[in-house]
Amino acid sequence: MIRPGTVFLMSILLALPPGRAQAQDRPIGFLTPSRNIVCQVFADNGQGVLRCDIMVTDTLPRPPSDCELDWGHAFEMSTKGSAGRICAGDSVMDASLPVLAYGEVWQRAGFTCRSEQTGVTCFNAMQHGFSLARAEQKVF
């Protein structure tokens, strides 16, 4: 005998996209030991995207005229595209992410990041990326 509500729950689980009913919704990324830099990988139209946010910087560049949100803290790149600063009104900060110790390398979904005491450098397979540090941020 099926208890009341079971059919409703089963229909919700069946309606979810494959994998959504499993514990795969946890964020994929890392924090630096200082917790000043955080990175997460997302899927966007079937392509991997890496976004890294730096919480505190010594200086911020002037925002472009078309950015009405925060500018200077968020960086993004796809697995095969160029990297750049993005206009964002949110953050990928998640305290539950694992810490990437200084000197360690993190590789996921076509991205490589290295954590150093001086900051984080991340790049994709096309060698596009960024270096993030409190004193300076560079896109290459």
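1. Leaving aside neighbours within four places in sequence, Ser 78 is in contact (heavy atoms within 4.5 Å) with Gln 47, Gly 48, Val 49, Phe 111 and Asn 124. Ser 78 belongs to strand β4, residues 70-78. Strands here are DSSP runs of E of at least two residues, and helices are H or I runs of at least four; both are numbered from the N terminus. Ser 78 is buried at 15% relative accessibility. Buried means under 20% relative accessible area, exposed over 50%, and partly exposed in between, with a 1.4 Å probe and protein chains only.

2. On the basis of the note: this is a predicted model, in which local features need pLDDT of at least 70 and side-chain atom pairs count only at pLDDT 80 or more, while totals for chains, interfaces and linings use all residues. Residues are numbered from 1 along each chain as its sequence is written, and side-chain values use heavy atoms, with hydrogens and water left out.

3. Ser 78 also has a polar partner. Its side chain makes a polar contact with the side chain of Gln 47, at 2.8 Å. Such a contact is a pair of N or O atoms within 3.5 Å; within protein, one must be able to donate a hydrogen and the other to accept it, and residues adjacent in sequence count only if both atoms are side-chain atoms.

4. Strands pair if DSSP finds at least two bridges between them. The axes are lines fitted to C-alpha atoms, for helices over the stretch in contact, and angles run from 0 to 180 degrees between N-to-C directions.

5. Ile 28 sits in β1, and its bridge partner in β2 is Val 41. Ile 28 is partly exposed, at 43% relative accessible area. Not counting residues up to four places away in sequence, Ile 28 touches Cys 39, Gln 40, Val 41, Leu 97, Trp 106 and Arg 108.

6. A second open sheet runs β6-β7-β8-β9-β10, again with antiparallel pairing. Its edges are β6 (105-108) and β10 (137-139); each has a single partner strand, so one side of each is without a neighbour in the sheet. Here the twist averages 10° from one strand to the next. β8 (residues 119-124) and β9 (residues 129-132) pair antiparallel over four bridges. Cys 122 has Phe 130 as its bridge partner in β9.

7. Two aromatic pairs are present. Rings of Phe, Tyr and Trp (its six-membered ring) pair if their centres lie within 6.5 Å; planes under 30 degrees apart count as stacked, over 60 as edge-to-face and the rest as tilted. Phe 30 and Trp 106 have ring centres 5.1 Å apart and planes at 55°, so this pair is tilted. Phe 30 lies in β1 and Trp 106 in β6, so the pair ties together parts 76 residues apart in sequence. Phe 30 is buried at 1%, and Trp 106 is buried at 6%.

8. Phe 75 and Phe 130 form a tilted pair, 5.6 Å centre to centre with 45° between planes. Phe 75 is in β4 and Phe 130 in β9, 55 residues apart, and the pair links these distant parts of the chain. Phe 75 is buried at 0% relative accessibility. Phe 130 is also buried at 0%.
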